[in-house]
Amino acid sequence: MSNLKFYNSYTRQKEEFIPITAHHVGMYVCGPTVSGESHLGHARGFITFDVIYRYLLHLGYKVRYVRNITDAGHFEEEGREAEDKISKKAMIEKIEPMELVQKYTNLFHWAMRQLNNLDPSIEPTATGHIVEQIGMIEEIIAAGYGYAVNGSVYFDVKKYAEKYPYGKLSGRKLDELLETTRDLESQEEKRNRQDFALWKSAPPGHIMRWKSPWGEGFPGWHIECSAMSTKYLGSQFDIHGGGMDLMFPHHESEIAQSMICNHEMAARYWIHNNMITINGKKMGKSYNNVIRLTEMFSGDHPLLEQAYHPMTIRFFILQTQYRSTLDFGNEALQAAEKGLKRLWEAYQELMKMKTDPAKAVNPQVENQFNSLCREMDDFMNDDFNTARVLANMFQLVNHINSFRSGDLEKTTLSPETLSYTQSQFKCYLENVLGLRSEVNTGSDKLDGIMNLLIEIRREAKAKKDYQTSDRIRKQLTEIGISLKDEKDGRVSFSME
């Protein structure tokens, strides 16, 4: 079996993975901002890094997987004003900010369970690490790379770039940043337009605020990940992951902050998954094509022709290598639904297969089975290529179905080859790719809600009638769910 290699975004080449500490891996992945529901773009990233986590465990590594929760929605994004998304959304929903945070954190965890993602080893929150963030900011100021103005603190990017390669990860040049950075509110208090906020002074009425050496305020977006990755993984760790949209400014800023405080690169390997498009268009609010996961599971979105099971979504995502753009469309998703069904049926047939001593072993078929199984390891070791793993599995499906249909009735597999194939198929399908039967989705209340909502939507589509059946209403009532049919044909629900 070949050694594990994958694409390092920082060096822009595939590199052999050599952990800092033998047999141990430290991996940090940027988690959700819990100001709202997770959508399809989020699903791709979290499924990607779940598979990477699973594969590292499969290889025998002891993995500390840290994925944060951003529960202080303070951003200073390129080309945008600083915005507290959580406080803004809390006011819209007329609830406390931390009540909103808990609501969407719970919903995020539920969605991750539906997609069969493993829990991270540690899931720290931004608000739970204000002390660490303030401490890191103080270090940056002491080193001469941070400066306080009117109760806010900024990172001096121009000074940093005189010594360090700022922009290397994202491929951006400082001169270009100076030309393209827009003039926004509070820019006048910065030394340079491209400087980013480490701490922001809280204006009157700002709900989420903490005391600091510079006055009451709140942390900038980037500092939380630097502080938490350092605390739980050390000054340098193995892998930092996230979506390509985080390369700049978020990850670029993380690198700069950590370099000043820890005097070395935060992570040795940087992994980024590519974006999702919807019917060929970038997903975004301006296109009205953002599909939340609850809408995906229930089919309750204008762009969806039906509900899609979480395993169909997971399978569809894994059919494309994580660094390639992935386009969602109903036709492709329906094909994935059929493909997964075919794959799972063949898997069940394989696990029932037995060798027949009365029949001859076909050397050609034996070699094909063994070769297809061995290649799965090589494909995963080549930049986690789940697409090629699945392609091999479907070639095995053809052979399995040939045995079932009787096309290979005069031949059999050797006990060794059959056992190896069963073991490898099960290992990759369930343990590495994290797929499971669509029938077995768990028994807790939220799982039940999802399954019943999917049934409601399918039934409504089939009948062209959005009024839900008495039978389903009764089932939902039994698990504490009240349903209401809306005038636009949608179904809303509330939990007791």
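The structure is a predicted model.

**Surroundings of M376**

- Leaving aside residues up to four places away in sequence, M376 is in contact with V389, N392, M393, L396, Q424 and Y428.

**Aromatic pairs**

- A pair of aromatic rings is described by two quantities, the distance of the centres and the angle of the planes.
- With a limit of 6.5 Å between ring centres, the count comes to 23 aromatic pairs.
- The pair formed by Y347 and F425 is stacked, because the ring planes meet at 10°, and planes under 30 degrees apart count as stacked; the centres of these two rings are 5.8 Å apart.
- Y347 is located in helix α11 (residues 330-352) and F425 in helix α14 (residues 415-432), so this pair ties together parts that are 78 residues apart in sequence.
- Y347 and F425 are both buried.
- A cluster linked by ring pairs comprises F6, F17, Y55, Y61, Y269, Y322 and F384.

**Charges over rings**

- R67 places its charged end over the ring of F46, at 5.5 Å from the ring centre.
- R191 lies over the face of Y147, and here the distance to the ring centre is 4.1 Å.

**Cavities**

- Rolling a probe the size of a water molecule over the atoms shows where empty space is left.
- Over the whole structure, the search finds five cavities of 30 Å³ or more.
- The largest cavity has a volume of about 80 Å³.
- Its lining consists of R44, T48, V51, I52, I317, L318, T320, Y322, F384 and T386.
- Two of the residues in this lining, Y322 and F384, also belong to the aromatic cluster described above.
- Helices α1 (40-58) and α10 (310-318) each contribute at least two residues to the lining of the largest cavity.
- The largest share of that lining, four residues, is supplied by α1.
- By residue class, the lining of the largest cavity divides into six nonpolar, three polar and one charged.

How values were computed: Residues are numbered from 1 along each chain as its sequence is written. This is a predicted model: local features need pLDDT of at least 70, side-chain atom pairs count only at pLDDT 80 or more; totals for chains, interfaces and linings use all residues. Side-chain values use heavy atoms; hydrogens and water are left out. Rings of Phe, Tyr and Trp (its six-membered ring) pair if their centres lie within 6.5 Å; planes under 30 degrees apart count as stacked, over 60 as edge-to-face and the rest as tilted. Buried means under 20% relative accessible area, exposed over 50%, partly exposed in between (1.4 Å probe, protein chains only). A charge sits over a ring if NZ of Lys or CZ of Arg is within 6 Å of the ring centre and within 35 degrees of the ring normal. On a 1 Å grid over the protein atoms alone, a cavity is a set of points where a 1.4 Å probe fits but cannot get out, and a pocket is an open set with protein on both sides within 12 Å along at least five of seven lines; lining residues have an atom within 4 Å of a point. Grid points are joined across faces, edges and corners, and a volume is the space filled by probe spheres set on the points. Ala, Val, Leu, Ile, Met, Phe, Trp, Tyr, Cys and Pro count as nonpolar, Asp, Glu, Lys and Arg as charged, and the others, Gly among them, as polar. Contact means heavy atoms within 4.5 Å.
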